[in-house]
Amino acid sequence: MPEYRAHFDFDISFANGGGLAGTGFRLDLPTAEATEDEIARLLVAHLGLALVDEVSLRGLRVVEEPHRGSRGVEQAVDAAASAGRVVDLSHPIRAGLVTYPGLPAPTITPHLTREDSRARYAPGTEFAMDVIHMIGNTGTYLDSPFHRYADGSDLAGLDLASLVGLRAEVFHLEDAWDGSRRGIRSATLADRDVRGAAVLLHTGWDRWFGRPEYGVGAPFLTGEAAQWLIDAGAVLVGIDSLNIDDTESGGERPAHSLLLDAGVHVVEHLTNLGELPPRGARFTAAPPAVEGFGTFPVRAFAEIPA
C-alpha cells in the first residue's frame, strides 16, 4: 500500500505572540488527497504546539515516500501486514565473513561428517556435527555489560524480559545526513516516547555490510544521545551500522560506556530495518546464556502484528 509525505516550508504564528518557521519540512500523510488545511493541522499535531493562530505552507508537494513516524498519523497497514509477519533483522553467518575490519572471520569445520556417521548408526541414519570457531562479535550481535565492564552482567545474567517482545521504536534516518555529520543526536530522537522500548536506528549503512565501504564513515550514536535514551527509559538500542560509537574518534566509546553501564543492551549490525514501521512492531534479540562472555550473535527479528 503506497505511503505519502508532504514536503514544504512553513510559518506558524501564535495567538499569544511569537512565531515559528521551518524550511524543507517533511511530514507523513494518511492519504495523497490530504488538503492543505489538513496538512497544516497534522503539522501542529506532530510538533505538539499549543495556542497556534495561523499556519502558512509554502512550496507544498505531496510525494510517494515511506512514512517516518510523524505523530498524529496512523501507520498504514497493507493486506500482507494485516495477517502479521516476522522480519529477520540478522545478517547470516558464514565461514570467512568479515563483520568488523580487523576481527577474525569465523571458520566452520566438520566434527562428524555424514559419511563417517553411517558407521555409528543404523542403516539409513546419518548426522552431521560441525565446529564453528568465531569471535563473539560476529554477524548481528548483542553486547552485554560484561563486554565493557568486568563486574557487569554476562550473557547468562541477562533478563530475558528485557530482550524478548520489546515494543520497537524505529527511527528511519537514512536520509538524515549528507556524510559530513555522521553522529545521531538526541534532538533527532526526542519526538518519541521510548520508555521500555527497543530503539532501532535505521541508517541504511547495512547496504555495505561485508564490503570495505562498511568500515569507513559509518553513522553512530553520540554520547549525549545515548544519555538521553538512558534518561528517557529505553531498554535496548540497536543500529544497522558498523558500531554504535564513532570508531574514527581515537578510541573513545561514550555510547557503549554509558548504555552498558546503565544496563541498556546494545545490538549492532542489524539489517532490514527499512521493512519495519516506525511504531507497532515487537523486537527480539536473545543470545545464548554463556557464562563469562560479553558478546554473542543473535537471531534478531521483529514481529509486525495484525
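Is Arg 299 buried or exposed? I looked up its accessibility and found Arg 299 exposed, with a relative accessible area of 59%; I take buried as under 20%, exposed as over 50% and partly exposed as in between, with a 1.4 Å probe and protein chains only.

I note that this is a predicted model, in which local features need pLDDT of at least 70 and side-chain atom pairs count only at pLDDT 80 or more, while totals for chains, interfaces and linings use all residues. Residues are numbered from 1 along each chain as its sequence is written, and side-chain values use heavy atoms, with hydrogens and water left out.

I then searched for salt bridges, meaning a side-chain nitrogen of Lys or Arg within 4 Å of a carboxyl oxygen of Asp or Glu, and the count came to 13.

Entry on Asp 88: I found a salt bridge from Asp 88 to Arg 299, with the closest N and O atoms 2.9 Å apart. The two lie 211 residues apart, Asp 88 in strand β4 (residues 85-88) and Arg 299 in the loop between β15 (295-297) and β16 (301-304), where strands are DSSP runs of E with at least two residues, numbered from the N terminus. Asp 88 is partly exposed at 28% relative accessibility.

Entry on Glu 248: I found its side chain in a salt bridge with that of Arg 182, at 3.9 Å from N to O, and this pair is 66 residues apart. Glu 248 is partly exposed at 45%, whereas Arg 182 is buried at 16%.

Entry on the network: I saw that salt bridges with shared partners join Arg 167, Glu 169, Arg 192 and Arg 279. Within it, Arg 167 and Glu 169 meet at 2.6 Å, N to O; Arg 167 is partly exposed at 25%, and Glu 169 is buried at 5%.

Definitions and conventions: Helices (H or I, at least four residues) and strands (E, at least two) are DSSP runs, numbered from the N terminus.
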